[in-house]
Amino acid sequence: MRNDRLLFEHLDINLDAGQMLVVEGPNGCGKTSLLRILTGLRLADGGEVLWRQQPIDRLAGDYFEQVNYVGHHDGVKHELSCLENLRLARAMGVPSGLDLDEVLEQVNLYAYGETEAGSLSAGQKRRLALARLLATDAMLWILDEPFTSLDKASMALFSGLFEQQLERQGVIVMTSHHDISLPTQALQRLRLGVAA
Amino acid sequence: MFLWFHKLGSPPHFYRIAGKWIPWLTWITVLLLLAGLYGGLIEAPPDYQQGESYRIIFVHVPSAWMSLFIYVVMAVCGAIIIIWRMKLAEVVLISSAPIGASFTFLALVTGSLWGKPMWGTYWVWDARLTSELILLFLYLGVIGLHNAIDDKRTAARAVAILALVGVVNIPIIHYSVEWWHSLHQGPTVTKFDKPSIHWSMLLPLLLMALAFQFYYVLALFHRCRAELLRRERNSKWVEEL
Amino acid sequence: MSHRLSLTQAFVFLLRRDLLLALRNRAEYAMPLLFFVLVITLFPLALGTSAELLARIAPGIIWVAALLAAMLSLDSIFRSDFDDGSLEQILLSAHPVAVLVLAKVTAHWLVTGVPLLLAAPLLAEMLGMPGEAQPVLLLTILLGTPILSLIGAIGVALTVGLRKGGIILSLLVLPLYVPVLIFAASAIENAASGFDPSAQIYMLMAFLFLSTSLSPWATAAALRMSVS
C-alpha cells in the first residue's frame, strides 16, 4: 500500500539463477515499490521475499552482500571523484576482482577518474552509478530504470553487461521504459497495474 | 490463549468488542468519579497544614500517574509495532497520545494551581516538574511526527521509535523526587513500605486513580474505533458496517 | 571473489568519507561554529557592563548556545545522503547499519562539536567566567557534544524524509537535550562556586555511555523508516 492505495496483491514470482525479470506497467503502478520491497528497503504489508528459501529480513547483511541496487537516484556524491565514489561502493559491499581503473574503462569514464562527480553530465553520472555493478560482486542486481539519461551506445554497453551477469548465473530484476534486446528464454515479464 | 490475543488484534473484532464495552465503561467511570470526588471533596478531613487547598491532589496525583502510565503503554505498543507490526498496536499508540498529553497538561496545571498557595509560586524548575514538562513535549512530538508523515503505517514505525527513545524519561520523572531533594514533596504512596498518608485521604485518591484509568480505556476505545474506521475505510468489513 | 571489509575497516572508511565531504563543504560546516560565537557575543552587548551578572550566567549562556548550534548542524548528518541516494546504499550495505551510523555521527561530532571545544575557553574568558570553572566547562563540552550529536541523529533520522522536517526536528530533539543542558550547566556553576561537580559529571558520563550504546540502533531503525 502507498498512502492507503493498494498497489498490488497476490504476487507470486520465482526466479532461478541466470534469469531476468522485467517489471512493466504504467507510471505509478508500483514498479519502484516492488523493487524496493525486493531490496529490503521497503516493508511489504503482507507476504515475504525469499532468497535461497530464506526470508531476507532474517538474512540481513548476508542478503545485502549479494544485492546491488541502482534506483532512481544515482547514489553518487557530487563532491567526491569517480574513483572515490567507486571505492566507497566497494567498501559497502563485496569487492569484485576488477581493478577500479578497469571498471571505469569499461563504462567509458576512464578519463574522469579524478574528476568530481558533480561536474559530470547526467548520462555520465548514470554510468558511474551503474559502474557500481562492476566494482562489487553481487549475484542479484535490482535496477530501477537503469537506462535513464543514457544514449544508445551506452544502453548497448550495459545490455551486454547484463547478459554477462546472467551467464554468470546471476539474477536481474529491472524496470525499464526502453526495449532491451535479450535472450528471451532467460526473460520473465511481469505486468503491474492491470485491472483485476 | 494466543488465539484470543490474535483474535483481539484483528481490527473488525476489536471494533465490535470495544463497541460493546463502551456503555459499561461509561457507567463505571461516572460512578467511580462521583465516589472519588465525594470522598475527596466532602468526606476527607482538611489537612492540618494546608487546610482545604490540598484537595486538588485528588485530581493532580491521579493525572500525573496517568501521564506516566499512558506513556509506558505507548512505549509497549512501540515495541510491539517494531517487532510484530501489529495494526492494533499502531492504533492504540496514536490514540493514546492525545489522552496522555491531556493528563500531563492537567497534572502540570493542577500542580501549578496547588503550588501557589502551598509554595508561593506557580512554577519552579525542579527535577520533577521539568521532566513532567519534557513528557508533555514528548507527547506533542509523537502527535506532531505522526501527523507529518502521510503513510500511516510508516508513521506508526516512526512514533514507535520515538516513544521507545522517550521512555527513558519515565523513570527520571518517577525517581526524581527521591534523587533530588527540592521543592516537590517526596513519595508518599508508591514507597515500598507503608504509605505515609491517612486512609481517609488515600481511599478517595485511589478511587480517582481508578476512575481516571477507566476513563482512559473508555476514551481509548472511542478513539481507536474512529481511527480504525479511518484507516480501514476501503476494506470489506468497514463497507459491511 | 574477495570478502567484504572488516567492520572496523568499513567504519573507518565511512568516517573518512564524511570528514572528506565536510572538508569539501567547508562553508556549510563553519556555520554552526560561527553561530555559536555570534550568540555568545550577543549577551555582553545585551547585558551592558554588568560583569558580575555575565560571569554568573556564563555557563548557561555557553551551553544554550552550544545546544542551538548543535541543532542547526544536525540536518547535515543525513540530508545530503538522503537527497542523492547514498543513504539507501548505506542501508543496503553488507555491514550492520548501526555501526555505519556511528561512523557518521562520530564524523559529525568531530566536525561540529570539537570546534566548540576549541572556541569555548576564549568565549568563557570573554564572559568573565572564573578560571577554576574552565576545566569543568571543557569537560562538560567534551562529554556533552557527542551526546547532542548522538541524540540529534535519532531526531534527524526520524524527520529527514519530511518536507518541513526542520521544525518538527526541534520539537523532537529539544526535550531530549534538556537533561544534558541541566547537568552540564549545573556542573559548571558548582565548579564556579567552589562546590564539587562530580555528581553531574558522572551523570553526563552515564548519558554518554547510554546514548553511544543505544542511539545508533534507534537511528538505524529510524533511517529505514524514512527511506522506505
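Here are some notes on a predicted model, taken chain by chain.

1. Before you start, some ground rules. Residues are numbered from 1 along each chain as its sequence is written, while chains are lettered from A and ligands numbered from 1 in the order in which they are written. As the model is predicted, local features need pLDDT of at least 70 and side-chain atom pairs count only at pLDDT 80 or more, whereas totals for chains, interfaces and linings use all residues.

2. Let's begin with chain B. You'll find nine helices and zero strands there, and the pattern along the sequence reads α-α-α-α-α-α-α-α-α. (Helices are DSSP runs of H or I with at least four residues, strands are runs of E with at least two, and both are numbered from the N terminus.)

3. How much of chain B is buried? Of its 241 residues, 36% are. Here a residue is buried if 20 or more other C-beta atoms lie within 10 Å of its own, exposed if 12 or fewer do, and partly exposed in between, with C-beta atoms placed from the backbone.

4. Contacts in chain B are worth a look too. Take those between residues at least 6 apart in sequence: 77% of them join residues at least 24 apart. (Two residues are in contact if their C-beta atoms, placed from the backbone, lie within 7 Å.)

5. Now to chain C, which has nine helices and zero strands. Buried residues account for 52% of its 228 residues. For contacts in chain C with a separation of 6 or more, 79% are between residues 24 or more positions apart.

6. What about the dimensions of chain C? Along the principal axes, its C-alpha atoms fill a box of roughly 65 × 35 × 30 Å.

7. Chains C and A meet: 25 residues of chain C are in contact with 26 residues of chain A. On the chain C side, the elements giving two or more residues are α1 (7-24) and α5 (86-91). That side divides into eleven nonpolar, nine polar and five charged residues. (Ala, Val, Leu, Ile, Met, Phe, Trp, Tyr, Cys and Pro count as nonpolar, Asp, Glu, Lys and Arg as charged, and the others, Gly among them, as polar.)

8. Finally, have a look at Cys29(A), in the loop between β1 (20-24) and α1 (31-39) of chain A. Cys29(A) counts as partly exposed because it has 17 C-beta neighbours inside 10 Å. Gly71(A) is 42 residues from Cys29(A) in sequence and 16 Å from it in space, C-alpha to C-alpha.
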